[in-house]
Amino acid sequence: MQLQFLGGASGVGATCQLIHLAGRTLLVDAGVRVDAPDRLPDLAALDGVTLDAILVTHAHADHIGALPLVVARNPATPIYASPATTRLMEVMLGDAVRVMAKRAADELELPLYDEALVARVLRQLRPLREGAQTLPELPGIVVHAARAGHIAGALSIGLEAEDGRLVISGDVSATPQRTILGAAMPAPRRPDLMILESTYGARMHPNRALEERKLAEAVATVIARGGHCLIPAFALGRAQEVILILRAAQRDGIIPPFPMAVDGLVRSVCGAYAAFPDALAPSLRRYILNGGRAFFSSSIQPVDSPQARERVLAGPPCAIISSSGMLTGGPSVWYAERIASDANAAIFFSGYLDEEAPGRRLLDLADAPPGERRLRLNEKEFPVACEVGRYSLSAHADGDELTAMVRANQPRTVALVHGDPEARAALAARLHGLAEVLIPRDGQVLTVAPRKGGGRRVELPPTPTVAPLAPVGKGEPPDAAGLERLWQALRDGTGVQTLSLRELARAWAGAAGASEAGRRGGE
Ligand SMILES: [Zn+2]
Ligand SMILES: [Zn+2]
């Protein structure tokens, strides 16, 4: 068995894994890097490759956004996904096409694909159900799918064949949320290799119920003082959670009733969630099957036109739940521009904020002196007087949960992906002793090969250490500045690399340093 990371190993974004198993070739996920100049996984690796099947873990853009380009190369390959993911892919890819068309018109940016190609993706979709199954295109392979938590329809995928046993966690969360249950145990147990996401491998999440209550009370306080409260939220998953958190707090009398406005892509995702009650938490499923409207009511209204948007801000104070979550686009930017200068208003973030995102810059302004609190959005700069806050409602497992997953699944080897270098390094340290831990890079190939004397082992090609052309040390003993130069010269982008004393010495002092280190027994 071989697995190649075409993307999504070195960081978050463009997840794509090419797998050769039991004489078949398959792809798990094909995502994009959202709002990055280098958007795509290494699709060139698929040239000349015929894919027997494509499996999809869930409908976030970093896992499905490049699928239309894969289908363009492999028009007859079936795509397997859970029924809820199938419906959500239609919503998300449709939105991606609209956003790209708008950028093409506004900024002359070249769109990656169009509606016709998305329609071809949707025609190739086949249902992947939870549990063990065989697929007609993958004889000799048992495909396991297990609920992954995270968002509705998300699955962990397991593959089991004569030549290898593999688990791909996908994006995973063990903590139950209001919309969905937590992850189930992935299968098969004791795989040769587990590919594990590491987004929050370095963190412990705060208590969920406490964080939800804090958010609800903070929103109610803003509305009581007469301000509008904007909650920018990821359209798929987070926004539905926020609606249900506020709705439940009102129902339970924790906060007084107030109106809510739901805007952007959030609206159609809410519709898709309500159409697949089987993918939702049991109490929410029952509510929907009994005819309840899960995400809308007389006081929770969708905003469906620019005029309605104006009316929301002209009307009484309310909570506005709108995509995008990091203020990178969508109606949340429109609202933020208009309420930021109102000292009674508030903007509360509900999830991950990229270092470069406008939402992060706004959050950082909270520490700036009042006169210097100015934000640039959409080429405009304006003063910020509103309250700004952030609440942690993560849909990814934290370091404890990820460790518990490894302990329970007992893989021989774990490869950490989908996380920044700090998160992967911290998680690697936590997993020490539970499994062999690999920190692969994009482009690398992992091989599961028979081990001498029985069993199998996972081989990662050795990282070629590119020694600097000239010794970094220039004949001097190393000092702090010298060590930094050495680190800069040797870094390979993983953030985690193991070098022998001989390699370090060669980089610092050239061949003489290497032989000196060799004499001291450093390898
Ligand atoms: Zn995801
Ligand atoms: Zn992801």
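Tutor: Two strands are said to pair if DSSP finds at least two bridges between them. With that in hand, and keeping in mind that this is a predicted model, we can begin with strand β9 (residues 155-161) and strand β10 (residues 164-168), which run antiparallel and are joined by five bridges. Within this pair, Gly158 stands opposite Val167 of β10.

These two strands belong to an open sheet of seven, whose order is β7-β8-β9-β10-β11-β20-β21 and whose pairing is mixed. At its edges lie β7 (131-133) and β21 (436-438), each of which pairs on one side only, and from one strand to the next the twist averages 20°.

Helices pack on this sheet as well. Helix α12 (residues 399-409) lies across β10, β11 (193-197) and β20 (413-417), and it runs at about 165° to β11. Helix α13 (residues 421-430) also packs on the sheet, where it touches β11, β20 and β21, its direction making about 160° with that of β20.

From here we can turn to the metal site. The zinc ion (ligand 2) is coordinated at 2.1 to 2.2 Å by the OD atoms of Asp62 and Asp171 and by the NE2 atoms of His63 and His418. Along the chain, the donors of this ion follow the spacing D-H-x107-D-x246-H.

Why is the arrangement of the four donor atoms around the zinc ion (ligand 2) irregular? Four donors count as tetrahedral if all angles lie between 85 and 135 degrees, whereas the angles subtended here run from 92 to 160°, so the arrangement is classed as irregular. For comparison, the ideal angle for four tetrahedral donors is 109.5 degrees.

Technical notes. Residues numbered from 1 in each chain as written. Chains lettered and ligands numbered in written order. Predicted model: local features only at pLDDT ≥ 70, side-chain atom pairs only at ≥ 80, totals over all residues. Heavy atoms only, no water. Donors = N, O, S within 2.8 Å, 3.2 Å for Na, K, Ca; no water. Tetrahedral: all angles 85-135°; square planar, octahedral: opposite > 155°, others 65-115°. Helix = DSSP H or I, 4+ residues; strand = E, 2+ residues; numbered from the N terminus. Axes fitted to C-alpha atoms, helices over the stretch in contact; angles between N-to-C directions. Contact = heavy atoms within 4.5 Å.
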